[in-house]
Amino acid sequence: MDETLPWFRALPADQRSWVMLVAQAGVRSLVEWLRSGGVVAETTQEISDDVFAAAPRALARLLTLTQTVQLIKVTIDVAETEVAALAAPGEEEPLLQAILKFSREIAFSAARVYARAAESRGAWDARLQALLVDALLRGDSSDVLASRAAALGWADAPPVAVVVGRSPGGDITAVLHAVYRAARRARIEVIGGVHGDRLVVVMGGATDPVATAEALAVSFGAGPIVVGPAVPSLDQATESARAALAGFRAAPAWPGAPNPVAADDLLPERVLAGDMDARRALRHDAYGALARAGSGLLETLDAFFASGGVLESAARELYVHPNTIRYRLKRVTEVTGLSPLDGRDAFALRIALTVGRLDPAT
């Protein structure tokens, strides 16, 4: 091993000694298996599994499966070269065949060891992710989020956004595996968790969160998929999670919504569902902005909506030229980003006017 495997030479002394223990246990097990006749499958598996029990479990985390296979190969190669010296006259071929058969069982045993380690790691990761998602939804401190994310190997690639949708159901591990597979194709970092009947996914490095969520949509069940606003880091992801959850609850009120849909596009429905964050956003960013802009924009909107969207009627109501109404409506769009001439935006503006007058502090 020292001569043929450069990475083995670089191992610390304790880890090299663990490998030697495994190799020696393998030779002893081979002898024991040969004495038993080498024909009972159950005994073969039991003996081969005992080989890896000779080393600490940490060895499976320190050595990759590829490296373990290389170690097994070197051990078998050495054993094969010594067959002539070990076998009685005329028994060289049967001994060689026995070594090859036993080595196959050792290889299967190695695969079982790494499979169990992977399953254990996967189950632990799933629990950690569930705890992280729960911390996000509860609004825990940034320190709690950071420590749990670090344990999962999260690379905090900005921006970060939270996506909420219906879980497809079934085994949680399979659900999260589908999320990771889609995330690898989209080349983003993700942490996912199933919370009740909802699938919550934290995306990192998604410059266009809604478009990226569309790439992950195959991992969700039927129903709306809502994307929270992008934030600079995981420390602030509770804000995105809160908006995404509120949008998910309110999404059924907009049957024609795109899917996925941004939580900020559901502000009117979120207000009606009792979301205080959405109420504050519309009050400040729409009503407050119009009030601060002045120039009769609020009065113009009132007249425009009262006239059923007819410019001329609104102009008569305010004793101004229709072109003045057109100019003011254009200013409303510039100030709020919402166009009174668009049905959806007009709905948001009407809710904003109502909220602003009920909560006058802007």
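This is a predicted model: local features need pLDDT of at least 70, side-chain atom pairs count only at pLDDT 80 or more; totals for chains, interfaces and linings use all residues.
**Entry 1: the whole chain**

I began with the secondary structure and found 17 helices and 5 strands in the protein. Next I looked up burial: of the 362 residues, 44% are buried. The accessible surface comes to about 18700 Å². Carbon and sulfur atoms account for 56% of that surface. I then took the contacts between residues at least 6 apart in sequence, and 63% of them join residues at least 24 apart.

**Entry 2: α13 and α17**

Two packed helices are described by the angle between their axes and the distance between the axes. I looked up both values for helix α13, residues 276–293, and helix α17, residues 343–358. Their axes are 8 Å apart, and the angle is about 100°. Angles of 65 to 115 degrees count as roughly perpendicular, so α13 is roughly perpendicular to α17.

Which residues of α13 make the contact? On the α13 side I listed R279, L282, R283, A286 and Y287. The α17 side brings A348, I351, A352, L353, V355, G356, R357 and L358. Sorted by class, this contact has 9 nonpolar residues, 1 polar and 3 charged.

**Entry 3: α13 and α16**

I stayed with α13 and turned to helix α16, residues 322–336. The axes of α13 and α16 come within 9 Å and cross at roughly 125°. That angle makes α13 oblique to α16. The crossing of α13 past α16 is right-handed.

For the residues, I found D285, A286, A289, L290 and A293 in α13 meeting R331, V332, V335 and T336 in α16. The classes in this contact are 6 nonpolar, 1 polar and 2 charged.

**Entry 4: T212**

I looked up T212 in helix α10, residues 209–216. Is T212 buried or exposed? Buried means under 20% relative accessible area; T212 has 13%, so T212 is buried. Leaving out residues up to four places away in sequence, T212 touches I188, M203 and A206.

**Entry 5: the loop between α11 and β5**

P252 sits in the loop between α11, residues 237–250, and β5, residues 261–262. Its relative accessible area is 61%, so P252 is exposed. I also checked P252 against P224: the two are 28 residues apart in sequence, and their C-alpha atoms are 7.7 Å apart in space.

P260 is in the loop between α11 and β5 as well. Which form does the peptide bond from N259 to P260 take, cis or trans? I noted cis, with omega near 5°.

**Entry 6: positive phi**

Most residues other than glycine have a negative phi, and most peptide bonds are trans. I looked up two residues with a positive phi.

S295 has phi near 60°. I placed S295 in the loop between α13 and α14, the latter being residues 297–306. With a relative accessible area of 61%, S295 is exposed.

Where is Y319 found? Y319 is in the loop between α15, residues 311–318, and α16. Its phi is near 60°, a positive value in a residue other than glycine. Exposed means over 50%, and Y319, at 77% relative accessibility, therefore counts as exposed.

Notes: Residues are numbered from 1 along each chain as its sequence is written. Side-chain values use heavy atoms; hydrogens and water are left out. Helices (H or I, at least four residues) and strands (E, at least two) are DSSP runs, numbered from the N terminus. Buried means under 20% relative accessible area, exposed over 50%, partly exposed in between (1.4 Å probe, protein chains only). Contact means heavy atoms within 4.5 Å. Accessible areas come from the Shrake-Rupley method with a 1.4 Å probe; for residues, only the protein chains shown count as cover. Axes are lines fitted to C-alpha atoms, for helices over the stretch in contact, and angles run from 0 to 180 degrees between N-to-C directions. Angles under 35 degrees count as roughly parallel, over 145 as roughly antiparallel, 65 to 115 as roughly perpendicular and the rest as oblique. Ala, Val, Leu, Ile, Met, Phe, Trp, Tyr, Cys and Pro count as nonpolar, Asp, Glu, Lys and Arg as charged, and the others, Gly among them, as polar. A crossing is left-handed if the near helix is turned anticlockwise from the far one by less than a right angle, and right-handed if clockwise.
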